[in-house]
Amino acid sequence: MNYAREIIEDAAIGVGVAETPEGLSAIHHPGCAAVVWRRNPVQSFQSWIDRIPPENLPKARLVLRPGSVRQAVSEICELSGTPKAQECDRLIDDVTALSEISAGLMSAEWLRLRLDVVTTNACRRFHIDAVTARLVCTYRGTGTQYGISTDGDDPGRVFTVPTAAPIILRGTRWPEQPRSGLLHRSPPIEGSGETRLVLVLDPVADPEDEFDQVLIH
């Protein structure tokens, strides 16, 4: 596990690169503002998900307990008309596993789960999320982009997380100070014809505060 105060392959200062899911726990190390789990997409899965019409990709925003994720995502796929196949089972399994990992890392009893189908320049500005930490995994399309800013402007060098590689990033509610200056954004894709499928997982302290979300116990 490499992390913290050095430039490492395919990452920036303060961004760790994990070879296993256990390596994501480096997010708790001092000076580690984010961790990427470097894994390669399974080709059969990638070919399958890249062929699905955008209207049939699973899309939802829910607040739920980690133990409810598998059933919820299965129903989301069915409602969205996502083709039934071994690859769909793989997607459900992976979202479930990442939810369990995220909840474990943050000791969260509830998660805010988003499956976003993106065709525009959503969240194209570099920013830090108003959360403790956020796990993001892009299943289809260009991955999340990030870089270091020392003055609040856009980073001078931009890194792109590979497709299928989860990244966990500290947010503004992370207790450690000073902040690292790590900013991120969704890649600008408007007009390119690209469709992204992105999983976003946030820990939720009090589900009753999530008025605009569907709660699943």
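**Entry 1: cysteines**

I began with Cys77, which is buried at a relative accessible area of 2%. I note at the outset that this is a predicted model. I then looked up the cysteine sulfur closest to that of Cys77 and found it in Cys88, at 4.0 Å. I applied the cut-off of 2.5 Å for a disulfide; the separation of 4.0 Å is therefore too far for a bond between Cys77 and Cys88. I checked the pair from the other end, and the closest cysteine sulfur to that of Cys88 is in Cys77. Cys88 also counts as buried, with 6% relative accessibility. For the structure I recorded zero disulfides.

**Entry 2**

I next examined strand E2, residues 34–37. Strand E1 (residues 15–18) pairs with E2 in the parallel sense, over four bridges. Within that pairing I located Val17 opposite Val36. Strand E8 (residues 167–170) runs antiparallel to E2, and three bridges join them. Here I identified Ile168 in E8 as the bridge partner of Val35.

**Entry 3: the sheet with E6**

I turned to an open sheet of three strands and noted the order E7-E6-E9, with antiparallel pairing. Its edge strands are E7 (159–160) and E9 (182–185), each of which pairs on one side only. I traced strand E6 (residues 145–148) to E9 and counted four bridges, the two running antiparallel. Opposite Tyr146 I found His184 of E9.

Technical notes
Residues numbered from 1 in each chain as written. Predicted model: local features only at pLDDT ≥ 70, side-chain atom pairs only at ≥ 80, totals over all residues. Heavy atoms only, no water. Buried < 20%, exposed > 50% of the residue type's maximum accessible area, 1.4 Å probe, protein only. Pairing = 2+ DSSP bridges.
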